[in-house]
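Work through the exercises below with the sequence and the 3D view side by side. Each task is followed by its solution.

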Amino acid sequence: MANYFSIFLVVLTVASGLIWLIDSLMFASKRRERMAIATGKEGATSTLEQDAQLPWIVDTAQQIFPVIAFVMVLRSFLYEPFQIPSGSMMPTLLVGDFILVEKFSYGLKDPVMRNKFVEVGLPERGDVAVFKFPPQPHLDYIKRVVGLPGDTIIYRNKQLQIKPACNNAEDCPAFETIELKFESRGEAFQQFAPLEKYTEQLGDVTHQIYRTQGRASSSRYYRQPGTQADEWIVPEGHYFVLGDNRDNSEDGRFWGFVPEANLVGKAVAIWISFEFDRVPSSWVPGWIPTGVRFNRVGGIQ
């Protein structure tokens, strides 16, 4: 849907711009001449005056082109708004959060074919990234970047281990176990199970995650040839992502890796957050917010 809207913006911008340009080059001068005749010649007919007026399609194009062009540039190359539809990134992002995604963080891409034409930067470990879901590229997903190209990732017994990419086999670092600091339990529930909050450090990013009690099952994990069921080696040009709500997230553990071409941008801020706590029996539609969480407005860690 987002890509269809991008194509619509591009088509509308180009069409209105072309109409304005063609009119300026081919018809505007003739129209001005007719207007001069209509206003300067005594007894000019009303038909001539109407013929000298600006056509409605040109008038509309001149009015909407600057606005549409600004929106297209802003949305395609700078910042794009997204809404969080699920709890897979709790507690970092909640259902009802509206976020801004920095489009230029991972390079400038054309809004239609999504081919990168300017290299700006690459994802870093700990980034919250929006990307096109590899199995269904028409969907936008948001997860946290855990594995970079060449990294080896292990997620075993709900414990994350990372071995960074290494070119020198004689001096490669060992697996690093990502330490977790317990914060609280029971402040949130999912499927009637209390969630445990931990603080996690990924690279330079300190953030919080949720886990549920019980042993994690790897039976549905994505199986990469040559590795164990809970181990992955990130291919070149790809990234491995996890949701912060670790036991309630359909992420890279289940479907694999995110190609660099699928990256949309880096989530950098929550610009507004709505609550939807209305009871099912209410006559008010569920999509109407029940309140605004002003305390959530700000940057994303």
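**Exercise 1. Describe the bend in helix α3.**

Step 1. Helix α3 bends by about 40 degrees at isoleucine 64; the bend is the angle between axes fitted to the seven residues ending there and the seven starting there. Within four residues a proline follows, proline 66. Helices (H or I, at least four residues) and strands (E, at least two) are DSSP runs, numbered from the N terminus.

Step 2. This is a predicted model: local features need pLDDT of at least 70, side-chain atom pairs count only at pLDDT 80 or more, and totals for chains, interfaces and linings use all residues. Residues are numbered from 1 along each chain as its sequence is written, and side-chain values use heavy atoms, with hydrogens and water left out.

**Exercise 2. Check the span of α3 (residues 56–78).**

Step 1. The expected span is 1.5 Å times one less than the number of residues.

**Exercise 3. Classify the ring pair of tyrosine 221 and phenylalanine 254.**

Step 1. Rings of Phe, Tyr and Trp (its six-membered ring) pair if their centres lie within 6.5 Å; planes under 30 degrees apart count as stacked, over 60 as edge-to-face and the rest as tilted. The whole structure has 15 aromatic pairs.

Step 2. In this pair the centres are 5.4 Å apart and the planes stand at 75 degrees, so the pair is edge-to-face.

Step 3. Tyrosine 221 lies in the loop between β12 (205–212) and β13 (231–233), and phenylalanine 254 in helix α4 (residues 252–255), 33 residues apart.
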